[in-house]
Amino acid sequence: MSERKTSNDNSPKVTFLDKDKLLQSIFRISASLTAPSKLEDILAKILDEVVDTIGFDRGIIRLFDHTKQNLETKVVKNYPPEGAAKVFSTPLNMDLHDCISTRVAKTGEPIAIEDATTDQRITDTDRMLTNIYNRGSIFCAPLKTGDDVIGIIAAWCEEETKFFPEEINLFLTFANQISIIIQNAMLFENNAEKIRQLMLLQEAVSEMNFNYVLDDRILDILIQSAQKVSGAEKVLVYFLDIERNRCFIKDESDILIEGETECEKRIKSSIIERAIKTNGIIVRKPPYDNSLTS
């Protein structure tokens, strides 16, 4: 908040949200995403902007878990150690906990409280979680992508503060923008392993394109890529060359078998034969008896 003015009659302090600062904050947060970052790091940067740059004193970001029934604390700013430990260890259940955060998450509408000492919307749950509700002013906004609420961001001023409608709308615009950034970061983090695997497979395909004959190099690439993608300790490749009537079996050693009949004998009653016949994925579980599941 760029400026606060105190009147002589002890009325709430007048607060102005600076539009330029909000836009600059969005730009800085967006620019920080050019390098891979963990979701918690991005949330911390967002909260730093809200508290340090815009001018609140404390802040918190809560996001829904995968069930959409609980709000989990992801980052806090300027909380006392005891208060931080409490909010991190207490997910807010949408059905069991009646408080500012769950109300905002349910309705998708912000709550602005100018005097925390007297406002009846502050519940026992709010006061149980942290004592910062006992004074000052609070603003809690939904984090939304479209109509879907993904969490909340709340910030506090230690002094009683007047929020004007245009300031509330301005902060909601800021919240909507950072919601998109958070959603993108969540999608990237949730799919990071898939992205890694696709990059490994792309690299393997590129390498194989330089080899125009089926040789040890091709099989080595298959084995190395499979190990990287799956994290397996050992990989075996079975390849039937129909045109030349032979098959390759390759793991730590190389086996070349001439003749399709001999190949079939070698893999009879094995997991390889089962996979070929079913044209599917076969999993053999410990203790590696004859029980197979597909």
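Two strands are taken to pair if DSSP finds at least two bridges between them. In this predicted model, strand S3 and strand S4 (residues 70-77) meet that criterion, pairing in the antiparallel sense over six bridges. S3 and S4 form a hairpin with five residues between them. Within this pairing, Phe64 is placed opposite Leu71 in S4. Lys68, in the turn of the hairpin, has a positive phi of about 65°, although Lys68 is not a glycine. In general, most residues other than glycine have a negative phi. Lys68 counts as partly exposed, because its relative accessibility is 33%.

S3 also pairs with S8, again in the antiparallel sense and over six bridges. In S8, the residue opposite Arg62 is Ile152. S3 itself is mostly covered, with seven of its seven residues buried. Burial extends to both faces of the strand: Arg58, Ile60, Arg62 and Phe64 are buried on one side, and Gly59, Ile61 and Leu63 on the other.

S7 and S8 pair in the antiparallel sense over nine bridges, and Lys144 stands opposite Val149 in S8. The hairpin of S7 and S8 has two residues between the strands, and Gly146 there takes a positive phi near 70°. S7 also pairs with strand S6 (residues 111-113), in the antiparallel sense over three bridges; the bridge partner of Ala112 in S7 is Phe139. Seven of the nine residues of S7 are buried, so this strand is largely enclosed by the rest of the structure.

The largest nonpolar core comprises 30 residues, and those with the most contacts inside it are Phe56, Ile61, Leu143, Ile153 and Phe171. At least two residues of this core are supplied by each of helix H1 (19-31), helix H2 (39-54), strand S3 (58-64), strand S7 (137-145), strand S8 (148-157) and helix H6 (165-190). H6 provides the largest share, nine residues. A second, separate core of 24 residues includes Met94, Leu129, Val149 and Ile152. Once neighbours within four places in sequence are set aside, the residues in contact with Leu143 include Ile61 and Leu63, Val149, Ile150, Ile152 and Ile153, and also Ala175, Ile178 and Ile182.

Five aromatic pairs are present in the structure. In one of them, the rings of Phe56 and Phe171 have their centres 5.9 Å apart and their planes at 75°, so this pair is edge-to-face. The two residues come from distant parts of the chain: Phe56 lies in the loop between H2 and S3 and Phe171 in helix H6, 115 residues apart. Phe56 is buried, with a relative accessible area of 4%, and Phe171 is likewise buried, with a value of 2%. The rings of Phe139 and Phe163 also have their centres 5.9 Å apart, but with their planes at 50°, so the pair is tilted. Phe139 belongs to strand S7 and Phe163 to the loop between strand S9 (161-162) and H6, so this pair ties together parts that are 24 residues apart in sequence. Phe139 is buried, with a relative accessible area of 3%, while Phe163 counts as buried at 7% relative accessibility.

Ser269 is found in the loop between helix H9 (260-267) and helix H10 (271-278). At 67% relative accessibility, Ser269 counts as exposed.

The average pLDDT is 77, and 74% of the residues score at least 70. Helix H4 (residues 100-107) has the highest confidence, at 96, and strand S14 (residues 292-293) the lowest, at a mean of 37. Over residues 1-8 the pLDDT is below 50, and this stretch has 25 contacts in the model beyond near neighbours in sequence. Residues 289-294 also stay under 50, with 13 contacts beyond four places in sequence. Where pLDDT is low, the predicted coordinates should not be read in detail.

Technical notes. Residues numbered from 1 in each chain as written. Predicted model: local features only at pLDDT ≥ 70, side-chain atom pairs only at ≥ 80, totals over all residues. Heavy atoms only, no water. Core = buried A, V, L, I, M, F, W, Y, C linked by side-chain atoms within 4.5 Å. Buried < 20%, exposed > 50% of the residue type's maximum accessible area, 1.4 Å probe, protein only. Helix = DSSP H or I, 4+ residues; strand = E, 2+ residues; numbered from the N terminus. Contact = heavy atoms within 4.5 Å. pLDDT = per-residue confidence, 0-100. Phe/Tyr/Trp six-rings, centres within 6.5 Å; stacked < 30°, edge-to-face > 60°.
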